[in-house]
Amino acid sequence: MTVVTTSRKAAPDVRSLAKDLAFALGYPFFTRGKMGLHELDSIDTSFLIISSEPAGTRLQIFSGGEPVADYLVTDRTIEDRAGAMSKEVSVTDQSVYDVMKPYIRVTLSRETGGTLIFDGTRRRRYLLGLTPYGVQCGTSDTSY
């Protein structure tokens, strides 16, 4: 099972996004504190880290201690959810879906409004625009 966490000293909006994504995925959320990558890897070999960067919010997926996906959230829209809550996390971009699918529970969708779409707690619906960022698959960067 994958776990979701944030950078060590995450801003409240980043922590809220991470908690809601963990909720939507059905994965546990960990408050990271002083935990390093090795401690996270010992909890689970797959984990998602959401952090703040000068350019915006960064979403990274790690497997076996190595980054396998690295995206910058270029657009974040949070709407009041109308109707029933969706129990799935949708990806609208085939290339993002292909990268994420082996590591997290996502579905490919034709919905519009964002690359990553999910329903969080408190009747919130997230529409996140994602673009490839920083580390490409198979290389290592521990600067977060």
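**View 1. Strands E2 and E3, side by side.** In this predicted model, strand E2 (residues 46-53) and E3 run antiparallel to each other, with eight bridges between them. The two make a hairpin, and two residues sit between the strands. To find your way along the pairing, look for Ile50, which has Leu59 of E3 opposite it.

**View 2. On to strand E4.** E3 also pairs with strand E4 (residues 66-80), again in the antiparallel sense, this time over seven bridges. Phe62 has Pro67 of E4 as its bridge partner. Here too there's a hairpin with two residues between the strands, and Gly64 has a positive phi near 60°.

**View 3. How E3 sits in the structure.** Strand E3 covers residues 56-63, and six of its eight residues are buried, so the rest of the structure largely encloses it.

**View 4. Phe47 and Phe62, a stacked pair.** The model has two aromatic pairs. In this one, Phe47 and Phe62 are stacked, with 5.1 Å from centre to centre and 10° between the planes. The pair ties together distant parts of the chain: Phe47 belongs to strand E2 and Phe62 to strand E3, 15 residues apart. Both Phe47 and Phe62 are buried.

**View 5. Phe118 and Tyr126, also stacked.** Phe118 and Tyr126 form a stacked aromatic pair, 4.8 Å centre to centre with 15° between the planes. Phe118 counts as buried because its relative accessibility is 1%, under the 20% cut-off. Tyr126 counts as buried too, at 1% relative accessibility.

Technical notes
Residues are numbered from 1 along each chain as its sequence is written. This is a predicted model: local features need pLDDT of at least 70, side-chain atom pairs count only at pLDDT 80 or more; totals for chains, interfaces and linings use all residues. Side-chain values use heavy atoms; hydrogens and water are left out. Buried means under 20% relative accessible area, exposed over 50%, partly exposed in between (1.4 Å probe, protein chains only). Helices (H or I, at least four residues) and strands (E, at least two) are DSSP runs, numbered from the N terminus. Two strands pair if DSSP finds at least two bridges between them. Rings of Phe, Tyr and Trp (its six-membered ring) pair if their centres lie within 6.5 Å; planes under 30 degrees apart count as stacked, over 60 as edge-to-face and the rest as tilted.
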